[in-house]
Amino acid sequence: MTKTVFITGATAGFGKAMAERYAREGWKLVLTGRRAERLVELKAALAPAPVHTLCFDIRDRKAVLDAAQSLPEEFANIDILVNNAGLALGLEPAQACDLDEWECMVDTNIKGLLYITRALLPGMVERNSGHIVNLGSVAGTYPYPGGNAYGGTKAFVNQFSKNLLADLLGTRVRVTNIEPGLCESEFSVVRFNGDTDKAAKVYEGTEPIRPDDIAEIVYWATTLPPHVNINSLEVMPVDQAFNHFAINRK
Ligand code: NDP
Ligand code: 8X3
């Protein structure tokens, strides 16, 4: 039977690359995002793959729950939920951050992820089959200046993923937290509020991960034999590594 993958934030970056990857393998796809025109374009580009699009803001609890309820019968049994929609806003030190931006990251990266997970998880448990893939980040483990609330939201994703596994013991539902490092997508354009020059500088002179790389990793993790669960997977470009502790000297 053809399987169904539900990808949030499929209008750009990782989500779009994952949509293309699963479509190539003949999966049914439910693709979400706020930019309706991009969903229309993506569906056309993926044709003849069976695609159902849902346009909603993941921060809107009612919209999320209504969208999940509205799935047509042929797309209703979700085999994989990829909680990918998310964003970082700003890179200012905490004391200078915009509280609205912090709230937006919490509402999107944490609350939105919770809404759609809560909506689709019961069906997976009932069918005793399913896989939730969360997009965490290296920022959820390793602090860096300006990472503040964004890193905090991704630390939540890490811990929530592991706690889901605790609750799901005894079922065949899998949970994986993918934690990428530097990857070129629209991520930095969003982070710097549309400043494309500033965003391009993040990747200047280096070879970042590409969305296709993440799509390949997610596809691999979700097509392993059903008794195997990748709990978490950190992935960085070869051009990225760790730094030493910072010390303030007087
Ligand atoms: P992009 O900015 O390229 O894509 C983000 C996607 O999320 C878009 O499709 C966007 O759709 C969707 N989205 C954002 N906010 C909302 C919202 N309120 N409601 C619905 N959809 C929303 O970023 P990436 O592909 O790079 O990032 C995907 C995920 O991976 C994020 O969770 C990010 O934190 C994480 N990540 C990214 C890394 C990177 O370096 N790029 C590294 C580590 C993790 P639309 O605007 O149409 O709503
Ligand atoms: C995105 C990676 O290092 O910009 O999650 O926070 S980083």
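Begin by selecting ligand 1 in this predicted model together with the shell of residues around it, which by class holds twelve nonpolar, eleven polar and six charged residues. In total 29 residues surround the ligand, and the closest of them are Thr11, Phe14, Arg34, Tyr150 and Ser185. If you now colour the helices, you will find that α1 (13-24), α5 (148-168) and α6 (187-191) each supply at least two residues of this shell.

Next, show the side chains of Arg34, Tyr150 and Lys154, and look at the oxygen atoms of the ligand. A polar side-chain atom of Arg34 lies 2.6 Å from an oxygen atom of ligand 1, while an N or O atom in the side chain of Tyr150 is 2.7 Å from an oxygen atom of the ligand. For Lys154, the distance from a side-chain N or O atom to a ligand oxygen is 2.9 Å. Taken on its own, ligand 1 has 880 Å² of accessible area, and the protein covers 96% of that.

Now move to strand β4 (residues 80-83), where Ile80 and Val82 on one side and Leu81 and Asn83 on the other are all buried, so that both faces are covered. In a regular strand the side chains alternate between the two faces of the sheet.

Strand β1 (residues 4-7) runs parallel to β4 and is joined to it by three bridges, with Phe6 standing opposite Leu81. Strand β5 (residues 130-135) also pairs with β4 in the parallel sense, over four bridges, and here the bridge partner of Leu81 is Ile132. Finally, follow the chain from β4 through helix α4 (residues 99-127) to β5, a β-α-β crossover that is right-handed.

Definitions and conventions. Residues numbered from 1 in each chain as written. Chains lettered and ligands numbered in written order. Predicted model: local features only at pLDDT ≥ 70, side-chain atom pairs only at ≥ 80, totals over all residues. Heavy atoms only, no water. Near = heavy atom within 4 Å. Polar contact = N/O pair within 3.5 Å; in protein donor to acceptor, adjacent residues only side chain to side chain. Areas by Shrake-Rupley, 256 points an atom, 1.4 Å probe, with all protein chains shown as cover. Nonpolar A, V, L, I, M, F, W, Y, C, P; charged D, E, K, R; others polar. Buried < 20%, exposed > 50% of the residue type's maximum accessible area, 1.4 Å probe, protein only. Pairing = 2+ DSSP bridges. Right-handed = clockwise from strand over helix to strand, strands pointing away.
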